[in-house]
Amino acid sequence: MIIYMKKFKKENLLAFLAITMDAFLTVLSSVLLAKLLNSLVAMNLRKVMFWLGVLVFVWLLDSLTCIARDFLKERVLQLELNAIRAAILQPLTQMSYVEFNKNSTEDYNSWLNNDMTLLYDNGFQQIYFAYEAIVMMIFSGIAVILFHWILLVTMILAAFILFYLPKIFEALISKSTMQVSERANQALATSTDYLKGFSILYQNNRLDYFKQKIMTAFEQLKNVKIKLTLVQAYMIYSLGFVGLIFQGVILLVAAILIIHHQITVGVIFSVGNLAGIITNYSKSAANNIITLKATARLMDKYPKINSVSTDRKLKFTDRLSVQHLSVKFAQQEISYPDFTIKKGKKYALIGESGSGKSTLIQLLLGNIQDYQGEISLDGESFRQINPKLLPSIISNISQFPYLFHESVEENLTLGRKISPTQFLSVLTSTCATELVSDKRNISFDNNLSGGQQARISIARELLANKPILLMDESTANLDKTTALIVERNILQNPNLTVIMITHHLYDETCQYFDEIITL
Ligand SMILES: Nc1ncnc2c1ncn2[C@@H]1O[C@H](COP(=O)(O)OP(=O)(O)OP(=O)(O)O)[C@@H](O)[C@H]1O
């Protein structure tokens with residue numbers, strides 16, 4: 001967290017300055033109370049009026065400082081949180097698909113949302129609160145020494161005990177914070193899962209089950225949150241009690257000093273105030289630091305930036321070969337026949353359901369790395385090639401297109417610069433020209449047919465202009481006439497090497513395949 005605070009040095013400096021100013025003015029107003037009370041004891045109305053005026057001015061200044069403090073703190077807090085979000089996302093832009101899948105999308109979502117709320121409340125805020133507590137105590141200490149050194153010694157003793165007492169609770173709070181983060185992750189994953197599957201449960205009259213599943217996850221979250229609050233409350237209120245005892249002791253010391261004419265009567269007001277500041281802020285500083293330490297641990301789980309460089313450019317010049325390839329899952333082992341995919345040729349991949357067609361696609365994409373046998377690209381083993389490089393030469397069109405809730409155009413370009421000629425040629429070959437003429441700027445919100453979505457996802461991959469194209473039942477959602485046109489255009493493209501999984505080999509397109517691989 002300190003690293004992120006250092007990133008915004010100037011902004012933090014201003015925020016800390018405003019906090020310091022507020023602490024100074026708060027303590028100053030306490031000291032001024034002594035002046036006011038002493039004037040009252042001396043029955044001097046002019047002086048009372050004067051000190052009251054000064055006090056009101058200090059309060060006004062303090063209110064303005066508080067507005068500035070809140071603004072500056074919030075601004076830097078938001079900058080820091082977004083910098084952490086960027087640091088969570090950065091490694092994702094550099095990792096392989098296998099590494100990305102080590103965590104679920106719900107995990108990532110939870111880190112970017114739930115964890116940021118925890119880091120905001122129990123992390124960064126606590127640093128600013130702790131700093132506020134420390135400067136309050138320092139200023140109060142300076143103010144107290146103006147009255148009598150014995151008061152300062154008593155207050156330091158109180159502050160010391162109140163600061164170290166909460167250590168007893170540290171481990172418990174740390175454990176409870178981690179539990180809250182984990183349960184929040186799980187609740188988010190469950191609610192996302194059941195909300196996505198709402199239509200299935202609706203059709204099956206199982207909406208009670210829908211509610212019950214989501215609520216069970218939130219019940220578990222509720223329990224750990226209550227536990228965390230309870231542990232924090234035990235700490236805060238037991239310390240509060242000890243703090244009150246110390247305030248009593250400090251007032252007693254002040255009373256003894258007044259009786260012995262060591263300090264004036266008016267000081268009692270200020271001492272009461274300053275004792276309150278010191279005891280309250282010393283215990284809250286301890287609480288802030290413990291909560292902060294517990295929360296900072298959250299950041300350990302985020303992926304770190306992988307420093308392996310990926311400067312190498314991968315090329316496909318001749319062939320992709322598979323030899324003695326097999327992959328083991330818990331329940332079964334799938335073995336593949338040997339085959340060679342030659343540059344520019346077209347292959348149909350057929351086989352019964354469960355024979356391993358989609359698994360082969362995942363192997364060729366480098367998304368499964370635990371396999372036996374050999375896959376090689378132009379004679380180089382896949383095991384020697386960084387899997388992150390494979391997407392630069394291989395496109396994959398799945399049977400289940402995913403469209404972002406953006407315009408059709410953005411779904412096609414994904415922010416890439418594409419020449420109008422290439423754009424038009426790809427859209428024509430995928431029978432998708434009408435989509436860009438009519439719906440180019442509409443935002444996708446499940447308002448396109450299955451066939452339209454499929455055509456957009458096919459066009460999107462072709463626009464990437466990569467030499468190898470893997471298709472997993474990609475035209476299954478299209479009517480036969482359109483499917484035939486799209487398939488034929490792809491199969492007739494001499495620049496593409498195509499491996500097409502299909503359950504229906506049409507006579508019309510059969511002639512374009514160079515080989516049929518049967519699993
Ligand atoms: N990640 C995995 N973990 C365990 N088993 C898996 C995994 N992926 C696939 N399988 C199993 O491997 C087998 C082959 O699955 P795959 O999806 O490759 O078949 P397919 O030929 O594409 O089937 P279909 O034509 O029905 O789509 C199936 O029995 C499946 O259960």
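Strand β8 and strand β9 (residues 497-501) pair in the parallel sense over five bridges; strands count as paired if DSSP finds at least two bridges between them. Helices (H or I, at least four residues) and strands (E, at least two) are DSSP runs, numbered from the N terminus. The model is predicted: local features need pLDDT of at least 70, side-chain atom pairs count only at pLDDT 80 or more, and totals for chains, interfaces and linings use all residues. Residues are numbered from 1 along each chain as its sequence is written.

- β8, helix α17 (residues 480-491) and β9 form a right-handed β-α-β unit; right-handed means that, with the strands pointing away from the viewer, the path from the first strand over the helix to the second runs clockwise.
- Five of the five residues of β8 (residues 468-472) are buried, where buried means that 20 or more other C-beta atoms, placed from the backbone, lie within 10 Å of a residue's own, exposed means 12 or fewer, and partly exposed lies in between.
- In a regular strand the side chains alternate between the two faces of the sheet.
- Both faces of β8 are covered, with Ile468, Leu470 and Asp472 buried on one side and Leu469 and Met471 buried on the other.

**Ala18 and the annotated spans**

- Ala18 belongs to helix α2 (residues 9-41) and is buried because 20 C-beta neighbours lie inside 10 Å.
- Apart from neighbours within four places in sequence, Ala18 is in contact with Thr65, Ala68, Arg69 and Leu72; contact means that the C-beta atoms, placed from the backbone, lie within 7 Å.
- Ala18 and Leu72 are 54 residues apart in sequence, and their C-alpha atoms are 7.9 Å apart in space.
- An unreviewed UniProt entry lists residues 12-36, 48-68, 128-150, 156-173 and 234-259 under "transmembrane region"; such annotations may be inferred rather than shown by experiment.
- The span of residues 12-36 is 100% helix and 0% strand, with its end C-alpha atoms 36 Å apart.
- Residues 156-173 are 72% helix and 0% strand, with end C-alpha atoms 26 Å apart.

**Surroundings of the ligand**

- Among the residues surrounding the ligand are Phe329, Gln332, Gly351, Lys357, Ser358 and Thr359; a residue is near a molecule if its C-beta atom, placed from the backbone, lies within 6 Å of it.
- Helix α12 (residues 357-364) supplies the largest share of this shell, three residues.
- The shell divides into three nonpolar, eight polar and one charged residue; Ala, Val, Leu, Ile, Met, Phe, Trp, Tyr, Cys and Pro count as nonpolar, Asp, Glu, Lys and Arg as charged, and the others, Gly among them, as polar.

**Positive phi in loops**

- Met43, in the loop between α2 and α3 (45-94), is not a glycine but has a positive phi of about 55 degrees.
- Met43 is exposed, because 8 other C-beta atoms lie within 10 Å.
- His261, in the loop between α10 (207-259) and α11 (267-296), has a positive phi near 55 degrees and is exposed, with 7 other C-beta atoms within 10 Å.

**Overall figures**

- The protein contains 18 helices and 10 strands, and buried residues make up 31% of its 519 residues.
- Of the contacts between residues at least 6 apart in sequence, 81% join residues at least 24 apart.

How values were computed:
Two residues are in contact if their C-beta atoms, placed from the backbone, lie within 7 Å.
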